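Hi there,

Here is the structure I promised to hand over. Have a look at it first, and then read my notes below.

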Amino acid sequence: MAAFDLAVSHVRSGSDDLLLPARVDQLARADNIVFRNTTLTPGNTLRLFVQQIANGNIACAAVRHLAGEDFSDSAWCQARGRLPIELIERVHRTIVDEARRELDAVNNIGDEAYRWHGHRVFSIDGCSDSMPDTPELRDHYGVPSGCRPGLGFPTSHLLMMMDHRSGLLIDCVDSPLATSDLSQTPAMHAHLQAGDTLLADVSFCGFAHLALIIRENLHAVMPTHHRRIVDFAPDRPHAHPRKGKSKKRVGKPRSRVLKTLGHNDQLVEYFKPVEKPAWMSDEQWKSLPESITVREIRRAVKRHGFRPMTVTIVTTLLDPEAYPAEELIDLRLTRWMIETNFRHLKITLGMDVLKCKTLQGVRKERLVFVLVYNLIRIAMLRAARTRGVNVNRLSFADTLAWVRYGDISACPIPIVNPLRPGRLEPRVIKRQKKEFPYMTSPRADLKAQLRAKHKDTA
């Protein structure tokens with residue numbers, strides 16, 4: 001256990017290490033949390049919890065071997081149950097805030113590695129994880145569609161925000177599976193400051209979300225929705241969504257061109273739709289303006305070994321000289337890094353399948369996964385600065401191996417992956433769906449009918 005503690009200390013700066021048991025116990029007392037002076041105090045429990053997750057989310061019965069103490073697995077489970085989730089959140093938030101302040105200090109001395117044109121860039125996206133089938137978890141999260149009644153595993157919907165350049169996970173909000181990404185997105189804006197830029201996929205580029213971003217002095221770079229007509233023809237006509245239905249409006253863009261900035265680059269006015277999105281309240285909807293001004297860009301991207309790809313984006317960065325179109329397209333294409341980081345979190349660390357059987361237990365377990373991920377990411381950031389390479393080229397799996405087994409007497413020296421321009425990183429690896437009896441599909445139903453017919457004829 002001492003070796004792991006020393007390894008973790010190398011990813012923290014300053015003398016006030018929040019993962020020291022004495023420091024965590026001090027925070028617990030400050031929050032009026034009463035606990036006995038036993039082996040499994042809140043500080044020791046959190047430290048062992050981090051160890052348990054970092055070592056592959058091992059069984060509770062094996063934690064006592066990590067601790068070098070003699071306590072039962074039941075005692076350990078009870079200690080985890082007593083650990084307040086607010087205390088874990090406070091420790092995690094402080095560690096992330098200090099790491100972000102360190103990155104800002106680096107930028108203040110002239111290093112722009114973690115900013116884009118002076119802007120902090122954040123990525124946001126949704127994913128999911130599964131957990132044991134208990135009545136409490138099933139009732140709260142629900143199960144995937146297609147499962148027959150009483151079967152399937154509870155699955156949560158997760159909305160995550162990451163610092164795009166550093167890969168730090170800023171926040172993770174869980175909700176029932178049948179939840180829209182946008183319903184939790186406005187709450188994520190609280191982590192942003194004026195001037196920050198948000199990268200997201202096509203589901204986040206609606207009028208309502210863009211209007212909220214502009215009102216909060218934020219910026220966005222997103223692909224245009226597939227249902228929105230984007231036309232760069234000069235003096236093209238447009239259709240206003242609030243001027244009734246007409247055959248003349250069919251096939252026309254619902255945006256008005258304000259200014260042409262260059263080839264396939266224009267400022268347009270988006271009009272407020274007639275229907276309010278389901279995720280927004282009536283008060284929020286009424287407070288939005290009747291129109292907003294955004295910038296539309298389209299470019300053909302050519303990559304060696306691949307067919308040309310047409311990319312169309314919408315952004316609130318309107319100045320073509322300060323923000324060239326090609327650089328905005330390049331920034332849009334880097335959004336895929338959040339998928340790679342999801343793979344690190346869910347596959348390499350193992351957060352895709354949780355083990356706790358209660359709602360509070362699942363949330364604590366997930367939060368400690370996020371804490372371990374960020375600790376490893378901080379180690380990678382410092383190693384990247386030492387070696388003078390981009391942090392995304394360092395091996396997350398090798399850094400995790402250093403935390404588990406490496407030479408903790410020195411700073412981590414993770415493997416530097418070769419630079420492979422144009423290589424498509426795989427999406428989050430998911431468990432393959434198979435035709436189990438609880439899955440409904442036309443092919444499975446046809447096989448069942450054929451088997452029943454064969455039995456009848458026999």
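Helix α12 has 12 residues, which at 1.5 Å a residue should span 16 Å, and the 15 Å between its end C-alpha atoms agrees with that. The expected span here is 1.5 Å times one less than the number of residues in the helix. Helices (H or I, at least four residues) and strands (E, at least two) are DSSP runs, numbered from the N terminus.

Before we go on, please keep in mind that this is a predicted model, in which local features need pLDDT of at least 70 and side-chain atom pairs count only at pLDDT 80 or more, while totals for chains, interfaces and linings use all residues. Residues are numbered from 1 along each chain as its sequence is written, and side-chain values use heavy atoms, with hydrogens and water left out.

Back to α12: nine of its 12 residues are buried, so this helix is mostly covered. Buried means under 20% relative accessible area, exposed means over 50%, and partly exposed is in between (1.4 Å probe, protein chains only). Among the buried residues of α12 are Ile338, Phe342 and Leu345, and also Glu339, Arg343 and Lys346. The buried residues pack against β1 (121–130), β2 (155–163), β3 (169–175), α13 and α14 (396–405). Just after α12, glycine 350 has a positive phi of about 100 degrees.

**Two helix pairs**

How do α12 (residues 337–348) and α13 (residues 359–387) pack? Their axes are 10 Å apart, at an angle of about 120 degrees. Axes are lines fitted to C-alpha atoms, for helices over the stretch in contact, and angles run from 0 to 180 degrees between N-to-C directions. The two helices are therefore oblique to each other; angles under 35 degrees count as roughly parallel, over 145 as roughly antiparallel, 65 to 115 as roughly perpendicular and the rest as oblique. Asn341, His344 and Leu345 of α12 meet Phe369, Tyr373 and Arg377 of α13 in this contact (contact means heavy atoms within 4.5 Å). Sorted by class, three of these residues are nonpolar, two are polar and one is charged. Ala, Val, Leu, Ile, Met, Phe, Trp, Tyr, Cys and Pro count as nonpolar, Asp, Glu, Lys and Arg as charged, and the others, Gly among them, as polar.

Helix α13 also meets α14: their axes come within 10 Å and cross at roughly 105 degrees. That makes α13 roughly perpendicular to α14. On the α13 side the contact is made by Tyr373, Ile376, Ala379 and Met380, and on the α14 side by Phe396, Thr399, Leu400, Trp402 and Val403. Eight of the residues in this contact are nonpolar, one is polar and none is charged.

Alanine 325 sits in helix α11 (residues 325–333) and is buried, with a relative accessible area of 4%. Leaving aside neighbours within four places in sequence, alanine 325 is in contact with Asp265, Arg295, Ile297 and Arg299.

Threonine 197 is in strand β4 (residues 197–199) and counts as buried at 1% relative accessibility.

Helix α9 (residues 207–215) has seven of its nine residues buried, so it is largely enclosed by the rest of the structure.

**The whole protein**

The protein has 15 helices and nine strands, and buried residues make up 46% of its 458 residues.

Happy exploring!
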